[in-house]
Amino acid sequence: MKRLVRSVRESWGRHTVANPFGGRLRWSFASLLALLVGLHSSIVSGELIPTPDFSSHSIPTTQVPSGSGLAWEYLDVAILVVALSLASYFALVTRSRRHLFLLSFASLVWFGFVRQGCVCSIGATQNVALAIFDNGYVIPLSVVAFFLLPLLFTLFFGRTFCAAVCPLGAIQEFVSVKNVQVPRWVDHSLGLMTWIYLGAAVIFSATGTAFLICRYDPFVGFFRLGGNANMMIAGGVLLLVGVFVGRPYCRYLCPYGAVLSVFSRFSRFHVRIPPTQCITCGLCSEACPYGAIESPVSRATPVEASRGRRRLGYLLVAAPLIVVAFAGLGAMMRGPLSRMDPEVQLAEQLRMETLGLTATTTDASEAFRNARRDERALLEKVLVTQERFRWLGVALGAWIGVVISVKLVSLAVRRPHADYRADTKNCVSCGRCFWYCPVPDGKAPGVTPTTGPTEPSQLVQIT
Amino acid sequence: MSDRRSPAADVSLPIAGRREFLVRGTRVAGAIALGSLGGFLAGRHGEAGETRWQLDPDKCVGCSHCSTYCVLDESAVKCVQCFDMCGYCDICTGYLDTNYHDVNTAAENQLCPTAAVVREFIEDKAGQRFYQYTIDEEACIGCGKCVKGCALMNGSLYLQVMHDRCVNCNECAIARVCPTQAYTRVPAEKPYLVKAQAQALYENKLGDENRSDDDPVEQLMRTVTMR
């Protein structure tokens, strides 16, 4: 170290002699030492050793590469439209599981491994949330297209995006081999997580704090052939679980799937089981890994009906209480929620260091102190952030309460039907039931519009 | 198409008709909502251009997180040399390891782990030897060792996100861990930043040639040119 200091000094000495601007160098040896012990970030404000005037050499300009341009983004959107159209066609018209399977393989290769999982519709939800709440953020048009197009297609054809376009769905579809039927109550309660995750993702992205969906994307590490070790492990576990429980991420975590399920409920055309042809063998219901084929529900007996009415009454009374209770819990979550913000983390670390509560410093706190930034200003800013997170916590809590109440009420309502039918909100049009249906001639449960009787002119007919 | 009434629907049971009406109404409402959301977002897009991630070299402390936290195997962040700020020193603190044995290009003397800083003799002026240091972008891993070293002197070496490599993640994984929060979104058409000092130097150098009526961003870009 000493040697370096000496040589640096010598070289500077020579500079002073050699060039006419040398006199402007006024750094003392003491300050140089100070620099060398680690305060280098703060000295940049000093004067520079001038660039020499060369007799023959001209000083080059820094060259940096330009961006990759928008061509890829528009290509992606075009491929998305083609893939969505094909998926809808395969699910509703050719009704071929093989076609869907091949298409989902192609989607996995393109959107997954070639484009490395970005842009994806699931993550685009956050960009849309941020663009709505933050005037300064400019959302790329391709991201808007990735968010809206699958929703639009779902409104007409059901969740065909999930069937064969989404790379996250595709990778799980391939490992779904041995299907275990998940008990209904487990399925319903875990399914709530998609909504809660959606609420959390929107709150954090709308405030520009974090993009949870991207951060906790379990499969992007596989697409990029490397990534955060914890997330790779989580992805591996999900795939292992996915061997027995179909599409665990889609059903119990995917926030975009939650939005799609609402749109799918009102879809114009959807895979349907025509009651006139169905022999009620229940094979499709057995075969469906996603529990998306509802078995017949008998009419309630008078006793059951009165009990059901009473239960519904209780739930309707309890619903506001649940919402209020969760909102209250959310208000107490200010600490953990606001800690997602890096500035809050930094301020807390600085506070702990000053109070002597921690012996270790972080990179951020060291850099903060070395740059001599104003701690008071930071703390004031952080207090505002924390106060904002108190209200965001209340909002998130209330949202969770609403989600739970709606689920409880919907479970308490009995909807009798004599036939097996597709649960349009959970069905991802994977086409497995086509394979298992024993009714000949048409090889599958027929496909009709979800509403009204069929007309010959319509896209798909009862076979 | 979606709200076309089929004649058969009129003769169906009242309950079915009501339910169907609701479903259709919701579907139309959903389509309208999607359309207006798309229109709103597209309208907002028209106000300004898109953004890319970039790190502010004046905030950077060369902590080396850039080389390890990027989602890419080989980080999108690489070092660049601002030649106008460089002193062309013989004893370069960005090039030589603190424990160097001799001032030459031998590997054990170099600070850079991948020998990405290329030293090249330029001129001998009154006994003072001047060297030019360029970054071999292929070899650079963005560890910032040279940046930290160079900060002892002129600080002409600094890190930048290279936009031929950056995949523009929603949440830049480096930005999340950057100790000085140096990462910001910058306009996509001017995706590189220079140090404030380089800017000042350049303004001096420009002098009275064409000082006036210049866009500040344009000025900022003059010390770096995009290939």
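# Chatting through a two-chain predicted model

Reader: What helices and strands does chain A have?
Author: Chain A has 21 helices and 5 strands. Helices (H or I, at least four residues) and strands (E, at least two) are DSSP runs, numbered from the N terminus.

Reader: And where do the numbers and letters come from?
Author: Residues count from 1 along each chain as its sequence is written, while chains are lettered from A and ligands numbered from 1 in the order in which they are written. This is a predicted model, where local features need pLDDT of at least 70, side-chain atom pairs count only at pLDDT 80 or more, and totals for chains, interfaces and linings use all residues.

Reader: OK, what pLDDT does chain A average?
Author: Chain A averages 83, and 84% of the residues score at least 70. That score is the predictor's confidence in each residue, from 0 to 100. Over residues 1–45 of chain A the pLDDT is below 50, and this stretch has 52 contacts in the model beyond near neighbours in sequence. Residues 442–463 of chain A are also below 50, with 60 such contacts. Two residues are in contact if their C-beta atoms, placed from the backbone, lie within 7 Å.

Reader: How should I read those bits?
Author: Where pLDDT is low, the predicted coordinates should not be read in detail.

Reader: Which residues touch the most others in the largest nonpolar core?
Author: They are A:Ala87, A:Phe146, B:Cys146 and B:Val147, out of 161 residues in that core. Helix α6 (residues 141–157) of chain A gives the largest share, 11 residues. A nonpolar core is a set of buried Ala, Val, Leu, Ile, Met, Phe, Trp, Tyr and Cys residues joined through C-beta atoms within 7 Å.

Reader: What does A:Ala87 touch?
Author: Leaving out residues up to four places away in sequence, A:Ala87 touches several residues, including A:Leu100, A:Phe161 and A:Val165.

Reader: Where's the cis peptide bond?
Author: A cis peptide bond joins A:Cys118 and A:Val119, with omega about -10 degrees. A:Val119 sits in the loop between α4 and α5 of chain A. Most residues other than glycine have a negative phi, and most peptide bonds are trans.

Reader: So what is the phi of B:Ser64?
Author: B:Ser64 has a positive phi of about 80 degrees although it is not a glycine. B:Ser64 is in the loop between β1 (51–55) and α3 (65–69) of chain B, and is partly exposed, with 17 other C-beta atoms within 10 Å.

Reader: Last one: how do β3 and β4 of chain B pair?
Author: β3 (residues 117–125) and β4 (residues 128–135) of chain B pair in the antiparallel sense over 8 bridges. Two strands pair if DSSP finds at least two bridges between them. B:Glu123 has B:Phe130 in β4(B) as its bridge partner.

Conventions. Buried ≥ 20, exposed ≤ 12 C-beta atoms within 10 Å, placed from the backbone.
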